[in-house]
Amino acid sequence: MGKDDFWMWFVTFIGRKGRVKVKEQLGVPVSIDFETVIKDPHGREKISFEANGLYYKKDEVTYLIFDENHEDRKVKATMKIGKGEVTIIRNGGVTMRHQYRVNQTTEGTFSNELGVFQTKAYTKKLQFLVSEGPLKGVLQLGYKLFVGDENAGSYNITVSIKEATIWIH
């Protein structure tokens, strides 16, 4: 999917100041830098990607919606950020739903071509800082992940967002 196709997928109405209306919510197009550092008994792995997405607020909850384009699969991702918690929902090449709450163990699911897996995460860090005009922010999420009863390692995710510039032809 090209950049223009991406925006057509999200944008149903272009309003003032580069805002877009999605499902009756006023949203802001953003550029996203997503980085995950995984530490497990086998070593350390860093996964990062860039994406275009949409940021919007509804009541006291912030939503970040974007597409992950990996080598062999495409995943639609939603991050629902509330006070003291974040829910990550992924659909497509993989399916995942997990809610993270700081200093708590929570349960979720993950599925791919190999099957459906029950997950547990103990969240050690959850911080979301955002400022407007122009919009920019950082979400930091750190947790210990278990798939079934197996320790899958420590995950540290950093999601940086900044308001995107849209050129309309």
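In the predicted model, the side chain of glutamate 68 forms a polar contact with the side chain of arginine 90 at 2.9 Å; such a contact is a pair of N or O atoms within 3.5 Å, where within protein one must be able to donate a hydrogen and the other to accept it, and residues adjacent in sequence count only if both atoms are side-chain atoms. Glutamate 68 belongs to strand β4 and, with a relative accessible area of 4%, is buried (buried, under 20% relative accessible area; exposed, over 50%; partly exposed, in between; 1.4 Å probe, protein chains only). Beyond the neighbours within four places in sequence, glutamate 68 is in contact (heavy atoms within 4.5 Å) with Phe49, Arg73, Lys74, Val75, Ala77 and Arg90. The model is predicted, with local features requiring pLDDT of at least 70 and side-chain atom pairs pLDDT 80 or more, whereas totals for chains, interfaces and linings use all residues. Residues are numbered from 1 along each chain as its sequence is written, and side-chain values use heavy atoms, with hydrogens and water left out.

The protein contains 1 helix and 11 strands (DSSP runs numbered from the N terminus; helices, H or I, at least four residues; strands, E, at least two). From the N terminus, the order of elements is α-β-β-β-β-β-β-β-β-β-β-β. Of the 169 residues, 37% count as buried. Among contacts with a separation of 6 or more, 34% join residues 24 or more positions apart.

Not counting residues up to four places away in sequence, isoleucine 32 touches Phe49, Glu50, Ala51, Asn52, Gly53, Leu64, Phe66, Val159, Ser160 and Ile161.

Valine 138 is located in strand β10 (residues 136-147) and is partly exposed, at 32% relative accessibility. Apart from neighbours within four places in sequence, valine 138 is in contact with Gln127, Phe128, Leu129, Thr158, Val159 and Ser160. The C-alpha atoms of valine 138 and phenylalanine 128 are 5.8 Å apart, with the two residues separated by 10 residues in sequence.

The largest pocket holds about 840 Å³ of space. It is lined by 34 residues, and those closest to its centre are Ile38, Ile47, Arg90, Phe110 and Tyr155. Strand β3 provides the largest share of this lining, 6 residues. Pockets were located on a 1 Å grid over the protein atoms alone, as open sets of points where a 1.4 Å probe fits, with protein on both sides within 12 Å along at least five of seven lines; lining residues have an atom within 4 Å of a point. Grid points are joined across faces, edges and corners, and the volume is the space filled by probe spheres set on the points.

Most residues other than glycine have a negative phi, and most peptide bonds are trans. The peptide bond from glycine 133 to proline 134 is cis, with omega near -10°, and proline 134 sits in the loop between β9 (115-131) and β10. Aspartate 59, in the loop between β3 and β4, has a positive phi of about 55° and is exposed, with a relative accessible area of 68%.
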